[in-house]
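Please keep the sequence and the 3D view open as you read.

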Amino acid sequence: MNRFSDETIVAISTPPGRGGLGVVRLSGARAIEIATRLIKLPKLPLETQRATRGAFTQEDSGRVLDQVVVTCFRAPHSYTAEDVVEISCHGAPIVLRYLEECCLAQGARAAEPGEFTMRAFLNGRMDLTQAEAVRDLIESQTLYQARVAAQQLEGSVSTRLKPHKHVLLDLIARLEAGIDFAEDDVAVIEWPEILTRLDQISADLQKLVEGYEYGRIVRDGLTLAIVGRPNVGKSSLFNRLLNEERAIVTPIPGTTRDLVAETANLGGIPLRFVDTAGVREALDEVEKIGVERTFSAIADSDLRLLVVDASTPWTEDDALLLEKLRPLGSLLVALNKSDLPPPAPEVAPGFTGCGKTLQSCHPERSEGSRSAYLPENAQGQILRFAQNDSFEAFFRSLFSPADAAPSLGSGQALKGGATILVRTSALTGDGIHELKEKILALAAPARDIAPEGEFITNLRHQQLIKNSLAGLAKARQAAEQQTPHEMLLLDLYDALRPLDLITGATSADDVLDIIFKTFCVGK
Ligand code: GDP
């Protein structure tokens, strides 16, 4: 029996506004009765899981308001495991609202948000992870996100956790049996076996916790700040990146007024591009505040793209920006305007083309301004720009070789210090594809290796798994010290409980079930 059998709920299940179709959904013991009172149907009773045409009429006049299609799902074979009726109307909001009111007048109650899914959960139709996946699926902005949510709706998180829960339960059951039935010949579980099992569970749970870094990105998307001095081609690159991708209809609202932000679907991940126009040395106080705000937005973004104009010499502003961006984590650098010829070395400030640094040519600039002006490599050496160097080769020499390759697959690539250079032309489109690949490689390094059902996307799940790991660590310590089984059991329950909160509870009956099924205790 379900716990809501006396309450039938109703809601308009389609989004507000006019549409081709609009659906009113009823769930509960009186759903079929209410629907059949309101809709004229060719024959009764309603066939289950079949669509039946009917007419919705105005109560007082008996006049037809809409031709509808009624679909009936009888308990327990429905979304909520209760009787469910879906009345599909033409999507006129006025008719839908009137139909809903008629259902209320017949004794239904207006459903709370999410109540259909909550009933499905409470009635055992789905576990918590699946209920949460329904919400993620509805909110998905890309097909990739939808696919991940759909996998979770099919129970991928629970499927992944179930074997671990089973091992934990088995351990608990055997230890409990050893205590409760000490005088019987219950096989005692050996310490090494306990340790091995605990380690196996911990290793896999740890992987799941680490996978969340990627899962979070898949679920929430991420922000990429496009930074550079004026006229280097930031807006042009921003537009290129957006135009080539399908812009997402509902952009995540911007946090800073001064910044232009749009969201695009990059390889299935919603990527919010922020064009940080006008980052330069502040001239007055007001501007200073603006620049500070822009920099805090840059620091808050997940990934940064520094755009430099590869057709003009490296400038003091470029050096300043680079200096500010590098400590913030991984950095993409677009050497833009690559369709234009590179600057002649002899006119490049900061390096004179004579094989000498600016410092040696202009000793008066050697103190104080040096770090803000002259390019240095990661070791702090001032770089020389020789006649036969290309701009790109010079630029590459700014970074140590270790910078060049991000640690893909670690889930930490965003936080790492990798710097990736890409030659682009916002004008011709050259290098844009490569730039997108590099963004994806940094943003979602696990994308190619993690199948949809293999990672968690939910912070609640991650925290509970961490709690479980803490319990497992305590259990491991207890097992190493061979503490009495009663004490070890407390830690094992601490490890099991958080997993229960993810997937649904383990009742005392589950433990007893295993005891009696697998041990034949009592003879
Ligand atoms: P922002 O101030 O950094 O946003 O720069 P814009 O995107 O407004 O570009 C400044 C100027 O450079 C415009 O005239 C663009 O048409 C031009 N521009 C941008 N990218 C390229 C490029 O890759 N090649 C060439 N030749 N011109 C470019």
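Helices and strands here are DSSP runs, numbered from the N terminus, with a helix needing at least four residues and a strand at least two. With that naming in hand, please remember throughout that you are looking at a predicted model.

Start with the whole protein chain. Its secondary structure comes to 18 helices and 13 strands. The chain has 523 residues, and buried ones make up 49% of them. Its accessible surface is about 25600 Å², and carbon and sulfur atoms account for 53% of that area. Turn next to how the chain folds back on itself: if you take contacts between residues at least 6 apart in sequence, 68% of them join residues at least 24 apart.

Now move to the ligand. A shell of 15 residues surrounds the ligand, and the closest are N231, S235, S236, D339 and A426. Sorted by class, this shell holds 5 nonpolar, 6 polar and 4 charged residues. Which helix gives the shell its largest share? That is helix α8, spanning residues 234–244, with 3 residues.

Several polar atoms of the protein can be picked out around the ligand's oxygen atoms. In G233, a polar backbone atom is 3.0 Å from an oxygen atom of the ligand. In V232, a polar backbone atom is 3.3 Å from a ligand oxygen. K337 takes part through its side chain, where a polar atom lies 3.1 Å from an oxygen atom of the ligand. How much of the ligand does the protein bury? Taken alone, the ligand exposes 570 Å², and the protein buries 70% of that.

Stay with N231, one of the residues closest to the ligand. N231 sits in the loop between β8 (222–227) and α8. Its phi is near 75°, a positive value in a residue that is not glycine. That deserves a second look, because most residues other than glycine have a negative phi.

The C-alpha atom of K337 is 9.5 Å from that of D430, although the two residues are 93 apart along the chain. D430 itself lies in the loop between β13 (419–423) and α15 (432–443). Leaving aside residues up to four places away in sequence, D430 touches R423, T424 and S425.

The peptide bond from L44 to P45 is cis, with omega near -5°. Q49 belongs to the loop between β3 and β4 as well. Its phi is near 55°, again a positive value in a residue other than glycine. Q49 has a relative accessible area of 51%, so it counts as exposed, the cut-off being over 50%.

Further along, P76 is found in the loop between β5 (64–73) and β6 (84–91). A cis peptide bond joins A75 and P76, with omega about 0°.

Our last stop is a pair of cysteines. How many disulfides does the structure hold? The count is 0. A disulfide would require the two sulfur atoms to be within 2.5 Å. C102 counts as buried because its relative accessible area is 9%, under the 20% cut-off. C103 is buried too, with a relative accessibility of 0%.

To place C102 in the fold, look at helix α2, residues 93–105, where C102 is found. Not counting residues up to four places away in sequence, C102 touches L38 and F56. C102 and L38 are 64 residues apart in sequence, yet their C-alpha atoms are 7.5 Å apart in space.

Terms used: Residues are numbered from 1 along each chain as its sequence is written. This is a predicted model: local features need pLDDT of at least 70, side-chain atom pairs count only at pLDDT 80 or more; totals for chains, interfaces and linings use all residues. Side-chain values use heavy atoms; hydrogens and water are left out. A residue is near a molecule or strand if one of its heavy atoms lies within 4 Å of it. A polar contact is a pair of N or O atoms within 3.5 Å; within protein, one must be able to donate a hydrogen and the other to accept it, and residues adjacent in sequence count only if both atoms are side-chain atoms. Accessible areas come from the Shrake-Rupley method with a 1.4 Å probe; for residues, only the protein chains shown count as cover. Ala, Val, Leu, Ile, Met, Phe, Trp, Tyr, Cys and Pro count as nonpolar, Asp, Glu, Lys and Arg as charged, and the others, Gly among them, as polar. Buried means under 20% relative accessible area, exposed over 50%, partly exposed in between (1.4 Å probe, protein chains only). Contact means heavy atoms within 4.5 Å.
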